Amino acid sequence: YCTCFTFWEAVESLQPQSQARNGEGDQEEEETSSLVQPAQLFAPKSLVLVSRLDHAEVFRNSLGLIYTIYVDGLSVSLENVIGNLLTCTIPITGGAQ
């Protein structure tokens, strides 16, 4: 069984802005660059949980928790959160309550 959560995150553009050569077209380029804003780039990121157990709701909630901690920038490290999730025991379907 697999649960996947994909989101889009803003990334910085690594392309340098062009500069005018030999002082030609300085004023024209300044006017053009002030009118044209650099495009906001986004990249997909995915979180995936794979298991032998069919607990889609638990996995969905776990991915939501990991995403929330990541986006909010909480002081808890993702390694600790994921470690805690991996060490919890999930009851067997139909087992004792």
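Q: Which residues form the aromatic cluster here?
A: Happy to start there: F5, F7, Y67 and Y70 form one aromatic cluster. Keep in mind that this is a predicted model.

Q: Good to know. How many aromatic pairs does the structure hold?
A: Four aromatic pairs. One of them is F7 with Y70, where the ring centres are 6.1 Å apart and the planes stand at 50°.

Q: Where do F7 and Y70 lie?
A: F7 is in strand β1, residues 2-11, and Y70 is in helix α2, so this pair ties together parts of the chain that are 63 residues apart in sequence.

Q: And F7, buried or exposed?
A: F7 counts as buried, because its relative accessibility is 10% and the cut-off for buried is under 20%.

Q: What about Y70, then?
A: Y70 is partly exposed, with a relative accessible area of 31%.

Q: Let's zoom out. What pattern does the protein chain follow?
A: Along the sequence the pattern reads β-α-β-α-α. That comes from three helices and two strands.

Q: How much of the protein chain counts as buried?
A: The chain has 97 residues, and 9% of them count as buried.

Q: And what share of the contacts join residues at least 24 apart?
A: Taking contacts between residues at least 6 apart in sequence, 70% join residues at least 24 apart.

Q: Switching to helices: at what angle do α2 and α3 pack?
A: At about 165°, with the axes 10 Å apart. Helix α2 covers residues 56-72 and helix α3 covers residues 78-87.

Q: So are α2 and α3 roughly parallel or antiparallel?
A: Roughly antiparallel, because the angle of about 165° is over the 145 degrees that sets that class.

Q: Left-handed or right-handed crossing for α2 and α3?
A: The crossing of α2 and α3 is right-handed.

Q: Which residues meet there?
A: On the α2 side you have S62, L65, I66, I69 and Y70, and they meet L78, V81, I82 and L85 in α3. By type, the contact holds eight nonpolar residues, one polar and no charged.

Q: Staying in α2, is G64 buried, exposed or partly exposed?
A: G64, which is found in helix α2, counts as partly exposed at 29% relative accessibility.

Q: How far apart are the C-alpha atoms of G64 and F5?
A: They are separated by 8.2 Å, while the two residues are 59 apart along the chain.

Q: One more: where is R52, and is R52 buried or exposed?
A: R52 lies in the loop between β2 (41-50) and α2. With 81% relative accessibility, R52 counts as exposed.

Q: What separates the C-alpha atoms of R52 and C2?
A: The separation is 8.7 Å, and R52 and C2 are 50 residues apart along the chain.

Definitions and conventions. Residues numbered from 1 in each chain as written. Predicted model: local features only at pLDDT ≥ 70, side-chain atom pairs only at ≥ 80, totals over all residues. Heavy atoms only, no water. Axes fitted to C-alpha atoms, helices over the stretch in contact; angles between N-to-C directions. Helix = DSSP H or I, 4+ residues; strand = E, 2+ residues; numbered from the N terminus. Parallel < 35°, antiparallel > 145°, perpendicular 65-115°, else oblique. Left-handed = near helix turned anticlockwise from the far one by under 90°. Contact = heavy atoms within 4.5 Å. Nonpolar A, V, L, I, M, F, W, Y, C, P; charged D, E, K, R; others polar. Phe/Tyr/Trp six-rings, centres within 6.5 Å; stacked < 30°, edge-to-face > 60°. Buried < 20%, exposed > 50% of the residue type's maximum accessible area, 1.4 Å probe, protein only.
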